[in-house]
Amino acid sequence: MIKQNEITERQPLLNPDGSLQNPGWCRHNLYEYNREDISPSIMRLKEWDFYQVSNGRQMVQINFFNISLASCAMLSFVDLQTGRKFEAMAVEPLTPNKHRLNRNGDEPNYFAYKHGGVELIFDTKETSGTLHFSGKHQGKTLTADFSYDKLPNHESITIATPFKKQGHFFYTNKINCMNTEGSVKLGDEVFEFIKADTFTVLDWGRGVWPHSNMWYWGNGSTFLDGKIFGFELTWGFGDTSKATETALFYDGVCHKIGEVRLEKDPEVGNAWMEPWHFVDRYGRLDLTMTPFYDNHSNMMPLNIIGMNTHQVHGLWNGHVVLDDGTRLEIKDMYAFCEKVYNKW
C-alpha cells in the first residue's frame, strides 16, 4: 500500500510564500491555519462551515461561506421522499476583511452572524455543539435548532491538498458520526429529528484553488452493532499523492484507507439513479449505493461561474475492512455521494 503522509505534530499550514508546508492528513486537525500567508490575493480565499443533518428522510443544510467577493448564510431543507424544498438566505457582498471563520473547526469555537433578517449561530464545544438558524421563506418564519454529540477523542479526517499552481491549496476537515437531535419549523409546520437515526457531518473548508474544478464527495454515518460507523470518500480535487481524503470511522476511531473509485461514472448515460459501485485498490472497501433521490441543482447556467451538483442519496450495501482486519458488513445504510462541477 502506498504510504500516506500522516501529520502527528502541530505545525503551520502554509509557508511564507503561501504554499503548503507539508501536505498530508491527520486524525485531529493539527495544522495551524495562518491565513496571513495567503498568496495570491486574499480575494481568492474561500472559507466555509457547512453542516448537513439528515435522518434519511429529510435533510437540512446549514452553511456559512465567505468567498471574499461575498458572504452568505443559508439554510436549505429537502424532503428526500417527496422532493419538497425550501430555503432562506442572506448575502453580503465584498467581505474580504470581515466575517472570517474559525481557524480550526476541530476545536471549541463560536461563530455568529446576523444580516438581512437572518441569524446564524454555530457553537462548538469539546464533545457537543449546537446549530441555530432563523429567517424567512415566502413570508413564513423559518427556524432550525439542532444539538449534536461527539464521542470522546472523536477522530475525523483533515487533509491539506496542493494544486499545481503556486499558492493554491485545499484544506478541509470532515467530521461525521455526530449523533443529532433537533427540529425545523416553517410557519406552523414542525419537522422533528431524533437521535435514533439522525447524524450530522461538518464539511469545514478553507482554500485557494483554480477557477474550474470537479470533485466527488460521499459521506454517511449510522449505528452498527451498537457503535457509530461512518465513512468519508472524496476524490478528484487537487494533488492527492501525499494523502487521500478517504477514511472509515468506527466507535470514534479513524481507519485510513487509500484511493477509492467508482466502477462507472454516473454522468455517462445520465445514470444518476442507477447503482453506484465503489471499490478501493486494496480490498478495504466494496460498497454499492442504490439511489432513491438525486438532489440536483444547477447554479451554473451559463457555464461561466457557479456550481452544478448532483448529490445522490441512497442505501449502501457491501463491506469495509478496518485497520486490524475486522470486516464490517454494511446493509441498507443511508448515505450520499455527489459529483460537483464548480467555477468560482
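Is Lys150 buried or exposed? With a relative accessibility of 9%, Lys150 counts as buried. Keep that in mind for the first close-up, and remember that this is a predicted model.

**View 1. Lys150 pairs with Asp106.** The two side chains meet in a salt bridge, at 3.8 Å from N to O. Lys150 sits in the loop between strand 11 (140-149) and strand 12 (157-162), while Asp106 sits in the loop between strand 7 (85-93) and strand 8 (109-115), so this pair ties together parts that are 44 residues apart in sequence. Asp106 counts as buried too, at 12% relative accessibility.

**View 2. Lys195 reaches Asp149.** Here the closest N and O atoms of the salt bridge are 2.4 Å apart. Lys195 is in the loop between strand 14 (189-193) and strand 15 (199-208), and Asp149 is in strand 11, so parts 46 residues apart in sequence get tied together. Lys195 is partly exposed at 28% relative accessibility, and Asp149 is partly exposed at 32%.

**View 3. Lys125 meets Asp123.** This salt bridge spans 2.8 Å, N to O. Lys125 is partly exposed, with 43% relative accessibility, whereas Asp123 counts as buried at 19%.

**View 4. Glu6, Arg27 and Glu155 form a network.** Salt bridges link these three residues. A search of the whole structure turns up 22 salt bridges.

View 5. Cys177 is buried, with a relative accessible area of 5%. Cys72 is buried as well, at 4%. The structure holds zero disulfides.

Technical notes
Residues numbered from 1 in each chain as written. Predicted model: local features only at pLDDT ≥ 70, side-chain atom pairs only at ≥ 80, totals over all residues. Heavy atoms only, no water. Disulfide = S-S within 2.5 Å. Buried < 20%, exposed > 50% of the residue type's maximum accessible area, 1.4 Å probe, protein only. Salt bridge = Lys/Arg side-chain N within 4 Å of Asp/Glu carboxyl O. Helix = DSSP H or I, 4+ residues; strand = E, 2+ residues; numbered from the N terminus.
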